[in-house]
Amino acid sequence: MVHSSNGESWKLFNSVHPHFSVESRNVRLRLCTDGFNPFGSFAAPYSRWPVILTVYNLPPGMCMRSEFMFLSIIIPGPSSPGRNIDVCLQPLIDELVQLWSSGALTYDISRK
């Protein structure tokens, strides 16, 4: 698979939400996170968990470039958020649900 658009989940999403997949300007986002210790592995126990959104309806060579990755949350703490990560992600999820239900006004340069 060269790109996520070739995957089964992308095709299933298109069949379940045809109104979204018809418009090519709709943005598909991927949420990813991974924690690290900013002070090294032997220092005081502390971690940071960045949550990054990437734009997935770009060509394969562009979708993982840094200018198309958006740092949306940094979860600090003495250890990984574990099962409580949903509490930390709730504000982001609320904004994404709002974006899904009502959209956002943007400027379309092709139509001015």
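Pro81 sits in the loop that joins strand E3 (69–77) to H3. In this predicted model, Pro81 has a relative accessible area of 15% and is therefore buried, the cut-off being under 20%. Pro81 and Leu96 are 15 residues apart along the chain, and their C-alpha atoms are separated by 21 Å.

**Largest pocket**

- The space in the largest pocket comes to about 930 Å³.
- Helix H1 (8–16), helix H2 (18–22), E1 and helix H3 (85–102) are the elements that each give two or more residues to the lining of this pocket.
- H3 gives the most to that lining, with five residues.
- In total, 25 residues line the largest pocket.
- Phe20, Asn26, Val27, Arg28 and Leu99 are the lining residues that lie nearest the centre of the pocket.
- By residue class, the lining of the largest pocket holds 13 nonpolar, seven polar and five charged residues.

**Nonpolar surface patch**

- Leu31, Ile93 and Val97 make a nonpolar surface patch of about 230 Å².
- Leu31 belongs to strand E1, which runs over residues 29–33.
- The relative accessibility of Leu31 is 36%, so Leu31 counts as partly exposed.
- E1, the strand that holds Leu31, is also among the elements that give two or more residues to the lining of the largest pocket.

**Salt bridge**

- There is one salt bridge in the structure.
- Its partners are Glu67 and Arg65, with the closest N and O atoms 2.6 Å apart.
- Glu67 is partly exposed because its relative accessibility is 42%.
- Arg65, with a relative accessible area of 41%, is likewise partly exposed.

- Glu8 is placed in helix H1.
- Glu8 is exposed because its relative accessible area is 62%, where the cut-off is over 50%.
- Between Glu8 and Cys63 there are 55 residues of sequence separation, and the C-alpha to C-alpha distance is 19 Å.
- H1, the helix that holds Glu8, gives two or more residues to the lining of the largest pocket.

Technical notes. Residues numbered from 1 in each chain as written. Predicted model: local features only at pLDDT ≥ 70, side-chain atom pairs only at ≥ 80, totals over all residues. Heavy atoms only, no water. Patch = residues over 30% accessible without salt bridge, like charges linked within 9 Å, V, L, I, M, F, W, Y side chains within 5 Å. Areas by Shrake-Rupley, 256 points an atom, 1.4 Å probe, with all protein chains shown as cover. Salt bridge = Lys/Arg side-chain N within 4 Å of Asp/Glu carboxyl O. Helix = DSSP H or I, 4+ residues; strand = E, 2+ residues; numbered from the N terminus. Buried < 20%, exposed > 50% of the residue type's maximum accessible area, 1.4 Å probe, protein only. 1 Å grid on protein atoms, 1.4 Å probe; cavity = no way out; pocket = protein on both sides within 12 Å on 5 of 7 lines; lining within 4 Å. Points joined across faces, edges and corners; volume = space filled by probe spheres on them. Nonpolar A, V, L, I, M, F, W, Y, C, P; charged D, E, K, R; others polar.
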